[in-house]
Structure formats: structure tokens, C-alpha cells
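Hi,

Here is the structure I promised to pass on.

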Amino acid sequence: LLSFYNDSYRTIAGAHHPAAFAHPYREMWPHIWDRLGPLTEKVMAGEAQQFTDQELPASEGSSPRWFSFTWTPLRCDDGRVRGFFCM
């Protein structure tokens, strides 16, 4: 679960960029992992996730921001989920 993202995502990554690029997703969002961890487990089990107006702080102690996004499981040739795509 490494974080790969485009230039537009840099504004969301904020202070985590560039250190977060190609590093574990959990390390990028440790301050909200209690919320993201269970959702990550669901998508890794093959259950797509959709969020509308999800309130999440960008960094520890920062003001919350509102996001709408989807997580789609990415499967390898044998059907196992090996990651997910966030849009």
C-alpha cells in the first residue's frame, strides 16, 4: 500500500509531500489511521468504498477539510486485491 499520486494531489498531501511519495499509505496519514485503517481493510478485502463530504484533517492538529472520493480495489491476474485506486 504505497502512495503514488499525481501533481494535483500534492496540495492534499501538503506537508507530507514529497516524503510520502512511494511510501506506505499508513505513514502518510497516521493521525487519522484509526478512521482510514478499517476502510482500507474493507477495500483490500474487495469491497469498493465511496465517500461523500468526508471530513478529514490534512495533518495532525490542522483544520478539517472535506473530501469526496472513491477507493476501487486493484486485482492482480489471480484475482487477489493487491492495492487500490483513489479517485
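Let me start with Ala 22, which counts as partly exposed because its relative accessibility is 32%; buried means under 20% relative accessible area, exposed over 50%, and partly exposed in between, with a 1.4 Å probe and protein chains only. Before the rest, please note that this is a predicted model, in which local features need pLDDT of at least 70 and side-chain atom pairs count only at pLDDT 80 or more, while totals for chains, interfaces and linings use all residues. Residues are numbered from 1 along each chain as its sequence is written, and side-chain values use heavy atoms, with hydrogens and water left out.

Ala 22 is in the loop between H1 and H2 (helices are DSSP runs of H or I with at least four residues, strands are E runs of at least two, numbered from the N terminus). Although Ala 22 is not a glycine, its phi is positive, about 70°. Asp 53, in strand E1, also has a positive phi without being a glycine, near 50°. Asp 53 is exposed, with a relative accessible area of 51%. For context, most residues other than glycine have a negative phi.

The largest nonpolar core has 17 residues, and Tyr 25, Met 28, Trp 29, Leu 36, Phe 69 and Trp 71 have the most contacts inside it. Such a core is a set of buried Ala, Val, Leu, Ile, Met, Phe, Trp, Tyr and Cys residues joined through side-chain atoms within 4.5 Å. H2, helix H3 (33-44), E1 and E2 each supply at least two of its residues, and H3 gives the largest share, four residues. Leaving aside residues up to four places away in sequence, Leu 36 touches Tyr 25, Trp 29 and Trp 71 (contact means heavy atoms within 4.5 Å).

Thr 40 is also in helix H3, and it counts as buried because its relative accessibility is 3%. With the sequence limit of up to four places again applied, Thr 40 touches Leu 1, Tyr 25, Trp 33, Trp 71 and Phe 84.

Finally, Asn 6 lies in the segment before helix H1 (10-13). Its side chain reaches the backbone nitrogen of Ser 8 at 3.2 Å. The C-alpha atoms of Asn 6 and Phe 21 are separated by 9.7 Å, with the two residues 15 apart along the chain.

Key:
A polar contact is a pair of N or O atoms within 3.5 Å; within protein, one must be able to donate a hydrogen and the other to accept it, and residues adjacent in sequence count only if both atoms are side-chain atoms.
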